[in-house]
Amino acid sequence: MLTQFRTETASASRTATSTEADTLASLMVEDEAVVSDAPTYLPEAAGGLLLLGLLLLSPKGPKEKPTR
Amino acid sequence: MTTDTEVLATAQQLGTRALSWLHTCYQGGWGRLADNTIIDLAEPNDVYKPLCEAAMASSLVLRDGVAGPQDARAARDMLDGAWAQLREGDMLYERQLRHVTVTDPLETYAHFARVGYRHAALEELLESISRLRAVHAVEIQGSRQLAVANARRVIGLSHRPDWAELAARTWLGALPEPWTIAWSIAYQVTHTVFHLTDWGARPEDLPEPMRDYLRAWLPVWLDIWMEIGQWDLVGELLIVDACIGRPMLGSSGWEALAAVQRADGLVPRDAEPVEEDPESAIRAHEHTAVVAVVAATVLLSRALGGAGAAAG
Amino acid sequence: MPFAETPLRDEYAAAVERVAGRTLDALRGGGGTAALADPDTVVPRPLLAAVRVLGADLFAPQLLTGAEPDGPTAALLAEARRAFPAPVPASPEAAQAIAWQDWAAGRVLARTPYADTAPGSVPDSASDHVPDRVPGHGPGHAPGSASDRGPGHAPDHVPAPLPGPAELGWQAWSVRMAQLSVLALPGLDGPVHDAARTDHLALARGAVRAMLRRDFTTAVRLARWLAWAGAEDRPPHLEVEPILDRIRLVGIGAVRTRLELAIAERLSEGNPR
């Protein structure tokens, strides 16, 4: 087995090694984004819906932009 | 594959309770049009639009004939009340007579005509203006053009649209990149389907490529909007699912709506806290109740053999 | 799983970014080697950790241009696998993901003189020993038959295949496939690849979902699978290039993700328009 490299050895402490392992695992396996940033109501886009004489079946816009 | 009976039961519960809530709102005197307000429509979305939406939902309940007697009575009640407010259609007639190119009298009238409320003079007027180039050239977006076309079809007017061309001129008709959808575009998509299929009465009228496209991407749209509690839109996507053939979205959307529905039948439109003031709450969430009623009605109707298809 | 920022994680994450950057440069430069470490110096542990994280993707510059995996990088990866045994995370799903990533790295190493006898993969009691699959996809694939390996090399453990989207739901399944995006490289094939071919609707849905949630890291990984599978011409006909364009335009900060994007773009170039 060819070894070209001299490597730093892990610390003798088991804790350090298991921290390394946990860190490695978290970098190898990443979850999807926890919070969605999916599209929501847009006041500008909905403005056209309120034109006189146009009945578009969608909810009235909220008075304030919804908070997330 | 028949729709799961548990899903049907959940949907039925959701719809009947939402209808009851709507009925109670109107019984309580909410949504009274001031006399003669709609001819020039100072505030079309405040009372007129919700009134018409409630009439629409009631109209579909009666059309599809799958509701129990109590629900049917509530629907008939709301239609009678709305028709009376519109002075048996005279208000729609006067508005359409004065404003030739507006389309809301046509669209509103269709829901009444569908279940037997007729106004001869209004129909004659609508036939007449349908012969004007101007009326067909008004600049309105694709899904709205379909709304107008379906309204004419439901009333039985003689104008014949080119359905394929109208469908092609919608966002959905372009079969666009599904990840570009925005909140308001989603409503255009749902309405495109509603009008092409006449609220589920004609599922076969949806062009096949659009059906395939919806079957691919509806589950994704349902998922992302359920995740952030956009209940009104979730409900509309469930209506689409019921309109296009065999429903494929399963139970999760229905269960989510049933879970957020309140004891009095109100279905919140989103994850924001419901307004404490009753008037504001009705104003904000009335549309979502309408959506819930329509969704349940169409799903049950399709599952029980397409009762709505019998309608004209 | 959310992971608290610690100095060690910062160090390792920074090293991952550096190694990804070198690899990306090599990829853009036409397939040369990344020259990650000087053989005469002590290799720091963060660098070894970073090499371990990127695994088979270290060889993307070669594999995507039909070249063989380069020796020095292979030696470094083999050393990293010795220095860092496969971590055993809390969840079996994460463990399975690590096992598959290590399998991919092991398969590429098997084509070099640095094939290791202790791949470090978590042996999975449910895994089958399946004969090596001859990779049939992409340019520059090498026969992976056992005879290419010298005497004394243990056969690779093949981890258990993932449950399918019917069992997990397309959402959860697609997230797990995103975690295995490193497998989407020319020269690799197996049950996960089969799943990417057959369950392309679920992959496509997962990609669209990630895009709409604006989770571009997950989206690019799934788009990479779709590009690998060349699935545009099958229903639901989700075009991959516009997705990659969009991800490039919105700008992703992490170099590691930009590397995935570049790999996905190369894989997509090979597909019919």
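The contact (heavy atoms within 4.5 Å) takes 31 residues from chain A and 47 residues from chain C. This is a predicted model, in which local features need pLDDT of at least 70, side-chain atom pairs count only at pLDDT 80 or more, and totals for chains, interfaces and linings use all residues. Residues are numbered from 1 along each chain as its sequence is written, chains are lettered from A and ligands numbered from 1 in the order in which they are written, and side-chain values use heavy atoms, with hydrogens and water left out.

**Interface of chain A and chain C**

- About 3,700 Å² is buried between chain A and chain C, with 58% of that area coming from carbon and sulfur atoms; buried area is the accessible area (1.4 Å probe) that two parts lose on being put together, summed over both.
- Between chain A and chain C the count is 6 salt bridges, a salt bridge being a side-chain nitrogen of Lys or Arg within 4 Å of a carboxyl oxygen of Asp or Glu.
- A:Glu32 and C:Arg213 form a salt bridge through their side chains, at 3.2 Å from N to O.
- On the side of chain A that touches chain C, strand 1 (6-7) and helix 1 (14-28) of chain A each supply at least two residues. Helices (H or I, at least four residues) and strands (E, at least two) are DSSP runs, numbered from the N terminus.
- Helix 1 of chain A gives the most to that side, with 10 residues.
- The residues on that side of chain A divide into 15 nonpolar, 8 polar and 8 charged. Ala, Val, Leu, Ile, Met, Phe, Trp, Tyr, Cys and Pro count as nonpolar, Asp, Glu, Lys and Arg as charged, and the others, Gly among them, as polar.

**Nonpolar core**

- The largest nonpolar core has 205 residues, and B:Leu214, B:Trp221 and B:Trp225 have the most contacts inside it. Such a core is a set of buried Ala, Val, Leu, Ile, Met, Phe, Trp, Tyr and Cys residues joined through side-chain atoms within 4.5 Å.
- Helix 14 (residues 278-303) of chain B provides the largest share of this core, 13 residues.
- Apart from neighbours within four places in sequence, B:Trp221 has contacts that include B:Pro178, B:Tyr213, B:Leu237 and C:Leu212.

**B:Ile228**

- B:Ile228 lies in the loop between helix 11 (208-227) and helix 12 (231-243) of chain B.
- B:Ile228 counts as buried because its relative accessibility is 18%; buried means under 20% relative accessible area, exposed over 50%, partly exposed in between (1.4 Å probe, protein chains only).
- Neighbours within four places in sequence left aside, B:Ile228 is in contact with A:Ser36, A:Ala38, A:Pro39, A:Thr40 and B:Ala271.

**C:Glu260 and chain C**

- C:Glu260 lies in helix 12 (residues 255-269) of chain C and, at 5% relative accessibility, counts as buried.
- The side chain of C:Glu260 makes polar contacts with the side chains of C:Ser181 (2.9 Å) and C:Arg221 (2.7 Å).
- Chain C has 12 helices and 1 strand, and 58% of its 273 residues count as buried.

Technical notes
A polar contact is a pair of N or O atoms within 3.5 Å; within protein, one must be able to donate a hydrogen and the other to accept it, and residues adjacent in sequence count only if both atoms are side-chain atoms.
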